[in-house]
Amino acid sequence: GHLDIAVNNAGVNKNSAAEDTPVSDWDVTFSLNTRGTFLCCQHEARHMLSRGKGKIINTASMASLLVPHPQKQAAYNASKAA
């Protein structure tokens, strides 16, 4: 078969305040929310470019634009704005 449309809609959120977020949680959040999206797009694009067509849709989050108070999710918000 062919890959005509890809939708990337993954995300992880560890729910912690910036001052309490371990670096390991920050790294996991950015690894999935930014690097994971990039790697999916890269892989999908290889198939689509070889055929000369295709669509990639990446969903984001309103958390990239506003803080959904009172949720404490600094790493998630930052990763979705990246």
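Author: Start with a definition: helices are DSSP runs of H or I with at least four residues, strands are DSSP runs of E with at least two, and both are numbered from the N terminus. The model is predicted, so local features need pLDDT of at least 70, side-chain atom pairs count only at pLDDT 80 or more, and totals for chains, interfaces and linings use all residues. Numbering starts from 1 along each chain as its sequence is written, and side-chain values use heavy atoms, without hydrogens and water.

Now the close look. W26 and F30 are 4 residues apart in helix α1, so about one helical turn separates them. Planes under 30 degrees apart count as stacked, over 60 as edge-to-face, and the rest as tilted. By this rule there is 1 aromatic pair. The ring centres of W26 and F30 lie 4.9 Å apart and the planes meet at 25°, so this pair is stacked.

W26 is partly exposed, at 34% relative accessible area. Buried means under 20%, exposed means over 50%, and partly exposed is in between (1.4 Å probe, protein chains only).

Helix α1 has a partner. It spans residues 23-51, and the buried residues of α2 pack against it. Contact here means heavy atoms within 4.5 Å. Helix α2 covers residues 74-81, and its buried residues are A75, Y76, N77, S79 and K80.

N15 is not a glycine, yet its phi is positive, about 50°. Most residues other than glycine have a negative phi.

Step back to the whole protein. It has 2 helices and 2 strands. From the N terminus on, they run β-α-β-α. The radius of gyration is 15 Å, well over the 12 Å of the globule rule for 82 residues, so the protein is more spread out than a compact globule. That radius is taken over C-alpha atoms, and the rule is 2.2 Å times the number of residues to the power 0.38. The C-alpha trace spans about 45 × 25 × 20 Å along its principal axes. Of the 82 residues, 23% are buried. Among contacts between residues at least 6 apart in sequence, 63% join residues at least 24 apart.

Conventions
Rings of Phe, Tyr and Trp (its six-membered ring) pair if their centres lie within 6.5 Å; planes under 30 degrees apart count as stacked, over 60 as edge-to-face and the rest as tilted.
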